[in-house]
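Have the structure open while you read.

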Amino acid sequence: MISREDRIQTADPGEVIVSLAGLDQSTFLGWNDSNLKLLEKRFQGSLTVRGELMMLRGKGQDATEFSEVVLDLVDMLEQGLTVDEVAVNYVLGKRLDEKEETNSVDPMCDVLFHTTGSRKEVRAKTKGQREYIESIRNNDVVFAVGPAGTGKTYLAVVMAVDYLTKKLVDRIILVRPAVEAGEQLGFLPGDLQDKIDPYLRPLYDALADTVGLSRIQQYMSSGVIEAAPLAFMRGRTLNNAFVILDEAQNTTIGQMKMFLTRLGHQSKAVITGDITQVDLNEKENSGLILVQDVLAETEGVDFVELFQDDVVRHPLVRKIVDAFSKAEKSNSIKE
């Protein structure tokens, strides 16, 4: 591994050359050079990559100061961390905007979970996500409300697998209301599992990313992981379980009460949803909206709100969420 000092070459006071030797440049520069474009946008000078060299030219100490950003990202990549646009924005904020508060958290912070799926490690990427994780650890019932892409469902699944791995619970139960998103799908073919699978697919995707495809079927066959529609929860008592209710904005207040009263001994429940995407006929009756007033002062129950700044999907998703939010507030669109 090349040291930071050995990667730097200074041709003259206004020019710094950083060696990218030994790095996977496609990962370092980002898909379609997305990371490089972010760096170019923030650097007050010229930034060029030729072969294994990145050349920075600027006024005064600009090139020297900006080279620290590049070296921080090199360090992350060499440590096996993900160098994506979230990480680039964090390092830029840390190095260039230290006086401004940033919503991102250190990409080198403690690992939340080591996966056996497609990702090696999972970390909270924003302050909102970190608060969400801490809330799950400290409360038995947590409501997470926020727009698409903020990691509500994914982080809930990661925490559930973490609790299962540490033997803090015996099983994971994934629950979703079978409400269609504005489409009439008709009678789906197949048995019960075939019919509910489309509704539970986002939860399966998160599981696959966390424990791997090969282990999902094994867990489900043994009953360690169970996936079911909300209607099938009535009359049950869920002991020693980590229960996730996803898309909770599509529950009525009666369904929400029914679900919450299923919780048994040594169990934890995380309820996630986006109150801007209610698919019920009577949107004002969403249980996720009404329950906030009912349980606001209940000890052991916590409400976490995630915002546009917590969106960690494609960077365009944050812009789309923000645009729709502004349009809805100005009443320029109606569903």
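## Starting in the parallel sheet

Val 142 has Asp 302 in β12 as its bridge partner. This is a predicted model, so keep its rules in mind: local features need pLDDT of at least 70, side-chain atom pairs count only at pLDDT 80 or more, and totals for chains, interfaces and linings use all residues. Residues are numbered from 1 along each chain as its sequence is written, and side-chain values use heavy atoms, with hydrogens and water left out.

A word on names: helices (H or I, at least four residues) and strands (E, at least two) are DSSP runs, numbered from the N terminus. Two strands pair if DSSP finds at least two bridges between them. Strand β7 (residues 141–145) pairs with β12 in the parallel sense, over 5 bridges.

Zoom out and you'll see an open sheet of 6 strands with parallel pairing, in the order β9-β8-β10-β11-β7-β12. Its edge strands are β9 and β12 (301–305), each of which pairs on one side only. On average, neighbouring strands of this sheet are turned by 15° against each other, direction ignored.

Contact here means heavy atoms within 4.5 Å. Axes are lines fitted to C-alpha atoms (for helices, over the stretch in contact), and angles run from 0 to 180 degrees between N-to-C directions.

| Helix | Strands touched | Angle between directions |
|---|---|---|
| α6 (residues 127–138) | β7, β10, β11 (268–273) and β12 | about 150° with β11 |
| α11 (residues 287–294) | β7, β11 and β12 | about 125° with β7 |

Is Val 141 buried or exposed? Some cut-offs before the answer: buried means under 20% relative accessible area, exposed over 50%, and partly exposed in between (1.4 Å probe, protein chains only). With a relative accessible area of 10%, Val 141 is buried. It sits in strand β7. Leaving out residues up to four places away in sequence, Val 141 touches Leu 260, Leu 263, Ala 269, Ile 271, Gly 300, Val 301 and Asp 302. The C-alpha atoms of Val 141 and Ile 244 are separated by 10.0 Å, although the two residues are 103 residues apart along the chain.

## Where two helices cross

α11 also has a helix partner. Its axis and that of α10 are 8 Å apart, and the two pack at an angle of about 65°. The pair therefore counts as roughly perpendicular (65 to 115 degrees; under 35 is roughly parallel, over 145 roughly antiparallel and the rest oblique).

By class, the contact of α10 with α11 has 6 nonpolar, 1 polar and no charged residues. In that scheme Ala, Val, Leu, Ile, Met, Phe, Trp, Tyr, Cys and Pro are nonpolar, Asp, Glu, Lys and Arg are charged, and the others, Gly among them, are polar.

## Two loop residues with positive phi

Most residues other than glycine have a negative phi. Asn 240 has a positive one, near 50°, and lies in the loop between β9 (225–229) and β10 (241–245). Asn 240 counts as partly exposed because its relative accessibility is 23%. Glu 247 also has a positive phi, near 55°, and is found in the loop between β10 and α10 (253–260). Glu 247 is partly exposed too, at 26% relative accessibility.

## The antiparallel strands

Now for the earlier part of the chain. Strand β2 (residues 15–19) pairs with β4 in the antiparallel sense over 5 bridges, and Val 18 stands opposite Met 54 in β4. β3 and β4 also run antiparallel, joined by 6 bridges, with Ser 46 opposite Arg 57 in β4. Their hairpin has 2 residues between the strands, and Gly 51 there takes a positive phi near 60°.

Helix α3 (residues 34–42) has Ser 34, Asn 35, Leu 36, Leu 38 and Leu 39 as its buried residues. They pack against α2 (25–29), β3 (45–50), β4 (53–58), α4 (62–78) and α5 (85–96).

## The whole protein

The protein has 12 helices and 12 strands. Of its 335 residues, 46% count as buried.
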